[in-house]
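Please open the structure in the viewer and colour it by chain.

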Number of protein chains: 2
Amino acid sequence: MAEETMRKDENVVYIGKKSVMCYVLAVITQFNGGAAEVGIKARGKVISRAVDVAEIVRNRFMPEAKLKGIVIKTEELTSEDGSMSKVSAIEITLSK
Amino acid sequence: MAEETMRKDENVVYIGKKSVMCYVLAVITQFNGGAAEVGIKARGKVISRAVDVAEIVRNRFMPEAKLKGIVIKTEELTSEDGSMSKVSAIEITLSK
């Protein structure tokens, strides 16, 4: 049971520079693996890709999936030279 | 009064290819002009810029502004050659 709870936290797909369909597949795989909800997280320029992923999952593959929530925030990153920079981030949560 | 109502619909800032601060200024100008809420709309790759604008307005210029809602959707565009393409879109609504 505790393991089950821990696993829940891992139901997150982090969006990077791969193709949109890679992440769509990752989300669907999480749902098929029993996840009740999946978070799609992105920061910076790939935020638009996170929206694409959520929309494609909902419209093309899982019409029953619901948009549970969208959170936007600002995260601080420390670059290699020690300077701080701020970057916007999004988390889109889908549930079925 | 009717005019006032009509003007409400125009409290939207469409994100394009200009710098983030242009749109931040546009949002603040709308609030200073009396708008109770301002919508920030973007589609495609500039969605991330819309999130930047909302975050910068809230964190740097108007800490009292609230995130009223975020909507994501898919819009269909007809290109010049008549073919249809789908594009993700976001609308972030700030209120004060």
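The stops that follow concern an interface between two chains and then a single residue. The model is predicted.

**Stop 1: the interface.** Select chain A and chain B together and display the residues in contact across the boundary. On the chain B side there are 19 such residues, and they meet 19 residues of chain A. The area buried between the two chains is about 1300 Å², and carbon and sulfur atoms contribute 64% of that area.

**Stop 2: polar pairs.** Display the polar contacts between chain B and chain A: six residue pairs are counted, with both partners at pLDDT 80 or more. A search for salt bridges across this interface returns zero.

**Stop 3: the chain B side.** The largest share, eight residues, belongs to α3(B). By residue class, this side of chain B comprises nine nonpolar, five polar and five charged residues.

**Stop 4: B:M62.** Next, select B:M62, which lies in the loop that runs between α3 and β3 of chain B. Is B:M62 buried or exposed? Its relative accessibility is 6%, so B:M62 counts as buried, the cut-off being under 20%.

Stop 5: Finally, draw the C-alpha to C-alpha distance from B:M62 to B:F31: it is 9.7 Å, across a separation of 31 residues in sequence.

Notes:
Residues numbered from 1 in each chain as written. Chains lettered and ligands numbered in written order. Predicted model: local features only at pLDDT ≥ 70, side-chain atom pairs only at ≥ 80, totals over all residues. Heavy atoms only, no water. Contact = heavy atoms within 4.5 Å. Buried area = accessible area lost by both parts, 1.4 Å probe. Salt bridge = Lys/Arg side-chain N within 4 Å of Asp/Glu carboxyl O. Polar contact = N/O pair within 3.5 Å; in protein donor to acceptor, adjacent residues only side chain to side chain. Helix = DSSP H or I, 4+ residues; strand = E, 2+ residues; numbered from the N terminus. Nonpolar A, V, L, I, M, F, W, Y, C, P; charged D, E, K, R; others polar. Buried < 20%, exposed > 50% of the residue type's maximum accessible area, 1.4 Å probe, protein only.
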